[in-house]
Amino acid sequence: MRIESIQTRVILAVEDNEANRMLIQAVLERLGHVVLLAGSASEAISRIEHRRPDLILMDIQLPGQDGLALTRRLKADPEFAPIPVVAITAHAMASDRQDCLDAGCAGYIAKPFNTRTLGAQIQEFLQPAS
Ligand code: MN
């Protein structure tokens with residue numbers, strides 16, 4: 001059965017854990033989204049420059065430049081600042097959540113994420129297609 005209720009969008013998942021990357025890809029592609037993947041901040045930048053995503057799912061803990069630093073970098077760039085960034089992190093403390101918002105994230109999804117609800121969780125952060 002095809003799920004028709006969700007508009008197809010381009011989503012970049014920045015996540016250094018390959019198993020998590022594959023899980024996110026499987027869940028979102030099943031919903032009809034186009035999924036771009038990056039394992040690091042530098043990979044994320046080259047993906048974004050190649051194809052602009054409608055939304056970025058951002059793992060906070062990355063090797064090298066972390067997800068908060070990458071989010072700040074994107075939000076400082078007028079070209080990329082409008083793309084909503086949703087943090088995905090195992091950190092569950094309120095202060096960590098505030099760090100994500102302060103860096104410019106539109107929201108926060110706790111890890112481990114629920115594969116049944118991930119699609120609905122990101123939907124609220126996708127701007128309506130014009
Ligand atoms: Mn990570």
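## Helices α3 and α4

In this predicted model, helix α3 (residues 67–75) and helix α4 (residues 94–103) have axes that come within 8 Å and cross at roughly 25 degrees. Angles under 35 degrees count as roughly parallel, so α3 is roughly parallel to α4.

On the α3 side, the contact is made by Leu68, Thr71, Arg72 and Lys75. Helix α4 contributes Asp99, Cys100 and Ala103. By class, the contact of α3 with α4 has 3 nonpolar, 1 polar and 3 charged residues.

## Helices α2 and α3

Helix α2 (residues 41–50) packs with α3 at an angle of about 30 degrees, and their axes are 10 Å apart. That angle makes α2 roughly parallel to α3. The crossing in which α2 passes α3 is right-handed.

Ala41, Ala44, Ile45 and Ile48 of α2 make the contact with Leu70, Arg73 and Leu74 of α3. Sorted by class, the residues of the contact of α2 with α3 comprise 6 nonpolar, no polar and 1 charged.

## The two sides of α2

Ala41, Ala44, Ile45 and Ile48 are buried in α2. These residues lie on the same side of α2 because they cover an arc of only 100 degrees around the axis. On the other side of α2, Ser42 and His50 are exposed.

The buried residues of α2 pack against the strands β1 (10–14), β2 (34–38) and β3 (55–59), and also against helix α3.

How values were computed. Residues numbered from 1 in each chain as written. Predicted model: local features only at pLDDT ≥ 70, side-chain atom pairs only at ≥ 80, totals over all residues. Heavy atoms only, no water. Axes fitted to C-alpha atoms, helices over the stretch in contact; angles between N-to-C directions. Helix = DSSP H or I, 4+ residues; strand = E, 2+ residues; numbered from the N terminus. Parallel < 35°, antiparallel > 145°, perpendicular 65-115°, else oblique. Contact = heavy atoms within 4.5 Å. Nonpolar A, V, L, I, M, F, W, Y, C, P; charged D, E, K, R; others polar. Left-handed = near helix turned anticlockwise from the far one by under 90°. Buried < 20%, exposed > 50% of the residue type's maximum accessible area, 1.4 Å probe, protein only. Arc of directions from axis to C-beta.
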